[in-house]
Amino acid sequence: MRQAERIDWVDYAKGFCIIFVVMMHSTLGVEKAAGAEGWMGHVVAFAQPFRMPDFFLISGLFLSLVIDRDWRSYLDKKVIHFVYFYALWVTIQFAIKAPGFASELGWDGTLLAYLEAYVEPFGTLWFIYILPIFFVVTKLARQVGIPWQVMLVVAAALEIAPIETGALLVDEFAGRFVFFYAGYVFAPHVFRLAAWAMAHAGPAIAGLAIWGLVNGILVAMGFSHMPFVSLGLGAIGATAVVLVSALLSRVSLFGFLRFCGENSIVVYLAFFLPMGVSRAALLKTGIITDLGTISVLVTAAGVIGPLMLFWIVRGTRFDFLFKRPAWATLGRAKTPALQPAE
């Protein structure tokens, strides 16, 4: 049963985000393993300018509801929550991949790589590693009294720079914080935009058509990574996803997409395994030769697999995979339910 307080269009938007993320990893993994490109690569390229900006924008939307809580409560909800899931799933990933790592690095090297994953984000889990940092930086800035306009300009400057140090944490902070902070600052406007789209479907669809054309042209011309252009495409693309999500919620279509959004953290944490298994199986059997089709099937496995695992373990002793246990809280008496990555 859905929680009554959930907002449909937000779940649709999160569903888009997580599917685009799985699609990107699935498609690039298939193409790398096959040594060739498929038609799904064009879809991934089209989504690149707005895929992660929208994810971070949505993650900042509800921050104003909790940012003024005491530090203990805030850290429990916005830091410890994600630290628990990161530590758990980075350990699971290393346990599964350990034999392969050991063959290349040796067991000592594998252990060192595991420990380094707590300093530098590991693989697909970097999003929930950096999100608590965004939460803490935003609250500190508010407590210190830095005007939001100054924070937004600085964050935009970091994205425009662009900063490429080779350190994932530094580079992703510089490139993504502006979208998270914009979600926090402009949340009321985002919600008003969604309400407008639901009331004015025609103009919203026309705007989306123009956006899709411009985004596609700039991506095809190779301009999407340029300074200022990437910031603009990220902001406008995130807005476009809000419009699409609002329109879908208006007619209550694609319930599975909404369900993916409700459980986006479930998919994000566990998609690596069904993605890897399905990719290897499809490429090895050779039953399907079209790489685009293989990428679609691998994406589907990456999305559906974690949701099936979530359903299987729910209410069992293994529900700690997706539900934070009481011992992993800052002294709360009640075990908190699974929280979405927002």
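Analyst: One cut-off before we start: a residue counts as exposed when its relative accessible area is over 50%, and as buried when that area is under 20%. Keep in mind that this is a predicted model. F228 sits in the loop that links α9 (201-220) to α10 (229-251).

Now for the helix packing. Helix α3 (residues 51-60) packs against helix α7 (residues 168-185) at an angle of about 35°, and their axes are 6 Å apart. The crossing of α3 and α7 is right-handed. On the α3 side, the contact uses M52, P53, F56, L57, S59 and G60, while α7 brings R176, F179, F180, A182, G183 and Y184. Sorted by class, that contact has eight nonpolar, three polar and one charged residues.

F56 turns up again in the core. The largest nonpolar core has 95 residues, and W9, F56, W89, I128 and F322 are the ones touching the most other members. Helix α1 (residues 8-34) gives the most to this core, with eleven residues. As for I128, leaving aside residues up to four places away in sequence, it touches F82, F85, Y86, Y268 and L269.

Methods:
Residues are numbered from 1 along each chain as its sequence is written. This is a predicted model: local features need pLDDT of at least 70, side-chain atom pairs count only at pLDDT 80 or more; totals for chains, interfaces and linings use all residues. Side-chain values use heavy atoms; hydrogens and water are left out. Axes are lines fitted to C-alpha atoms, for helices over the stretch in contact, and angles run from 0 to 180 degrees between N-to-C directions. Helices (H or I, at least four residues) and strands (E, at least two) are DSSP runs, numbered from the N terminus. A crossing is left-handed if the near helix is turned anticlockwise from the far one by less than a right angle, and right-handed if clockwise. Contact means heavy atoms within 4.5 Å. Ala, Val, Leu, Ile, Met, Phe, Trp, Tyr, Cys and Pro count as nonpolar, Asp, Glu, Lys and Arg as charged, and the others, Gly among them, as polar. A nonpolar core is a set of buried Ala, Val, Leu, Ile, Met, Phe, Trp, Tyr and Cys residues joined through side-chain atoms within 4.5 Å. Buried means under 20% relative accessible area, exposed over 50%, partly exposed in between (1.4 Å probe, protein chains only).
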